[in-house]
Amino acid sequence: MARKPRDLKILHGHRVISGSELRATFVEQEDTADNPVRLRRRILHGVVLLMLVGMIAAAIFVALAIMNGQIKLPATAERSKAAVSLCPKATYDYMPPGKVHVNIYNSTSRPGLARTVADQLAARKFLVGAVGNTTSSYRGVALIVSGAAGQSAAFSVQRNVPGSDYVQDGRTDPSVDVIVTGDFKALAKPELVDQTPGQLSCPREDRRIVDDSTVPITPTATPAVSPTAAG
């Protein structure tokens, strides 16, 4: 007599549920309209989607309004510049070098640079005073520093140092300091110095407003040294 084939879905008297049956059971439960978990999930997804669409629409509206001039942003940078601007607006005549007292300071690592510049300015008849080294966080060609009384003299000095930046300090005498900095290459050739009236140049003023440096920049100079030992 033939033996009855073994039912593989029965194990130790219990029916084994297949994977397909198990998946069908869960899918049926999740797809049920009365499932509160699935209902809450759909509501949450709808709210998030609605918020995202609203934010995108608002951003587009604001961008278009700014471009069309309907919304104007406060000109904070312009107001700050107007408030702290220290660049003189007056027009100055070129003073004869023989009436200009100038001090030369070297803030670079190049030894002897202050003395070299001092000798060149002296050859142009400028009245050279202190020559030495200093420290400055300024980055550029050179700083031309004077008080209000020395602005005309500073204008003449600046015409000899192309690319330099003028800064006013609180001194009361008409003396002028030249702080030679990292980008300095050379003075203007004597025959090319522009001696027509003009204004002081403050090309780095915007940077001084934006960065953390103090306005005006007050360099800290070492005491004047003898001409043979000057930097």
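Good morning. Let me begin with a definition: rings of Phe, Tyr and Trp (its six-membered ring) form an aromatic pair if their centres lie within 6.5 Å, and the pair counts as stacked if the planes are under 30 degrees apart, as edge-to-face over 60, and as tilted for the rest. By this rule, the structure before you has one aromatic pair. Its members are Tyr92 and Phe155, whose rings are tilted, at 6.2 Å centre to centre and 35° between the planes.

Before I continue, a word on the basis of these values. This is a predicted model, in which local features need pLDDT of at least 70 and side-chain atom pairs count only at pLDDT 80 or more, while totals for chains, interfaces and linings use all residues. Residues are numbered from 1 along each chain as its sequence is written, and side-chain values use heavy atoms, with hydrogens and water left out.

I turn to the overall layout. Helices (H or I, at least four residues) and strands (E, at least two) are DSSP runs, numbered from the N terminus. The protein chain has six helices and eight strands, and along the sequence their pattern reads β-β-α-α-α-β-α-β-β-α-β-β-α-β. I shall call a residue buried at under 20% relative accessible area, exposed at over 50%, and partly exposed in between (1.4 Å probe, protein chains only). In this sense, 31% of the 231 residues are buried. A contact means heavy atoms within 4.5 Å. Among the contacts with a separation of 6 or more, 77% involve residues 24 or more positions apart.

Tyr92 sits in the loop between helix H3 (76-84) and S3, Phe155 belongs to helix H5, and the two are 63 residues apart. Both Tyr92 and Phe155 are buried.

Let us stay with helix H5. Why is H5 described as largely enclosed by the rest of the structure? The reason is that nine of its ten residues are buried. Including Gln151, Phe155 and Arg159, the buried residues of H5 pack against H4, S5, strand S6 (165-168) and S7. Gln151 itself has a relative accessible area of 11%, and therefore counts as buried. Beyond its neighbours within four places in sequence, Gln151 contacts Pro88, Tyr92, Ser146, Tyr166, Gln168 and Leu200.

Helix H4 (residues 113-123) is my next subject. Its buried residues are Leu113, Ala114, Arg115, Val117, Ala118 and Leu121. They pack against strand S3 (101-106), strand S4 (127-135), helix H5 (151-160) and strand S7 (176-180). Just after H4, Lys125 adopts a positive phi of about 80°.

This brings us to the nonpolar cores. A nonpolar core is a set of buried Ala, Val, Leu, Ile, Met, Phe, Trp, Tyr and Cys residues joined through side-chain atoms within 4.5 Å. In soluble globular proteins, nonpolar side chains tend to be buried together. Here the largest nonpolar core has 31 residues, and Ile104, Val117, Ile144 and Phe184 touch the most other members. At least two residues of this core come from each of S3, H4, strand S5 (142-146), H5 and S7. Which helix supplies the largest share of this core? Helix H4 does, with five residues.

Finally, the charged pairs. A salt bridge is a side-chain nitrogen of Lys or Arg within 4 Å of a carboxyl oxygen of Asp or Glu. The structure holds four salt bridges. In one of them, Arg115 meets Asp119 at 3.2 Å, N to O; both residues lie in helix H4, four residues apart, about one turn of the helix. Asp119 is partly exposed, because its relative accessible area is 42%. In another, Arg159 meets Asp194 at 3.3 Å, N to O. This pair links distant parts of the chain, with Arg159 in helix H5 and Asp194 in the loop between S7 and helix H6 (205-210), 35 residues apart. Asp194, at 35% relative accessibility, is partly exposed. Arg171 and Asp169 also meet, at 2.8 Å, N to O. Arg171 is buried, since its relative accessible area is 18%. Salt bridges with shared partners join Asp169, Arg171 and Asp177 into one network.

Thank you for your attention.
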